[in-house]
Amino acid sequence: PNFLQRGAIKRWFGMLRYFTNITRFASLGIVLNLSGYFLYSLLVTIFKFDPIIVVTISTPFFLFLAFYLQQKLVFRNIEFKPLKIFRFTSNYVLIYLLNIMGLFTFVNIMGLDPLIVQGFLILSLGFFNFFLSKILFNG
């Protein structure tokens, strides 16, 4: 193949690799969020824990699990660089604070169902987290 065809093939493989990483990232995010939501639902409905306490206790666990699994399964890299860990943690602290503010506002003040509120927060903060992560890690 001529030079242009080789460049096109190289770009195509690059896009394929990018799509594979996005698919792994999204799949991992779905599994972790569903697991977290299941745990949240169990603790809030069956054991009658306060929604804010459940999120406060479960966030650090899922934070470090997500970081480890993203590095190992998505990016195939277990290199724990201090700046990367700081950015990742800062990102999730912001997501955690927004989650707590949302729960407090919609559950404690407005009296809405905590399961519906948390489901909405997971979806909306997930999209926000995706765009924030692109800025922090690709910008």
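What share of the 139 residues in the chain is buried? Buried residues make up 26% of them. Here, buried means under 20% relative accessible area, exposed means over 50%, and partly exposed lies in between (1.4 Å probe, protein chains only). The model is predicted, so local features need pLDDT of at least 70, side-chain atom pairs count only at pLDDT 80 or more, and totals for chains, interfaces and linings use all residues. Residues are numbered from 1 along each chain as its sequence is written, and side-chain values use heavy atoms, with hydrogens and water left out.

The chain has four helices and zero strands. Its elements run α-α-α-α from the N terminus on. Helices (H or I, at least four residues) and strands (E, at least two) are DSSP runs, numbered from the N terminus. Contacts were counted between residues at least 6 apart in sequence. Of these, 65% join residues at least 24 apart. A contact means heavy atoms within 4.5 Å.

The accessible surface of the chain comes to about 9600 Å². Carbon and sulfur atoms hold 76% of that surface. Accessible areas come from the Shrake-Rupley method with a 1.4 Å probe; for residues, only the protein chains shown count as cover. On the surface, Phe104, Phe106, Ile109, Met110 and Leu112 form a nonpolar patch with about 480 Å² of accessible area together. Patch residues have over 30% relative accessible area and no salt bridge; like charges are joined within 9 Å, and nonpolar side chains (Val, Leu, Ile, Met, Phe, Trp, Tyr) within 5 Å. A salt bridge is a side-chain nitrogen of Lys or Arg within 4 Å of a carboxyl oxygen of Asp or Glu. Phe104 lies in helix 3 (residues 82–109). Phe104 is partly exposed, at 41% relative accessible area.

The structure holds five aromatic pairs. Among them, Phe47 and Phe49 are edge-to-face, at 6.4 Å centre to centre and 65° between the planes. Rings of Phe, Tyr and Trp (its six-membered ring) pair if their centres lie within 6.5 Å; planes under 30 degrees apart count as stacked, over 60 as edge-to-face and the rest as tilted. Phe47 is partly exposed at 49% relative accessibility, and Phe49 is partly exposed at 40%. Phe61 and Phe62 also pair edge-to-face, at 5.1 Å and 80°. Phe62 is buried, with a relative accessible area of 17%. Ring pairs also link Phe67, Phe88 and Tyr92 into a cluster.

Ser58 sits in helix 2 (residues 51–74). Ser58 counts as buried because its relative accessibility is 17%.
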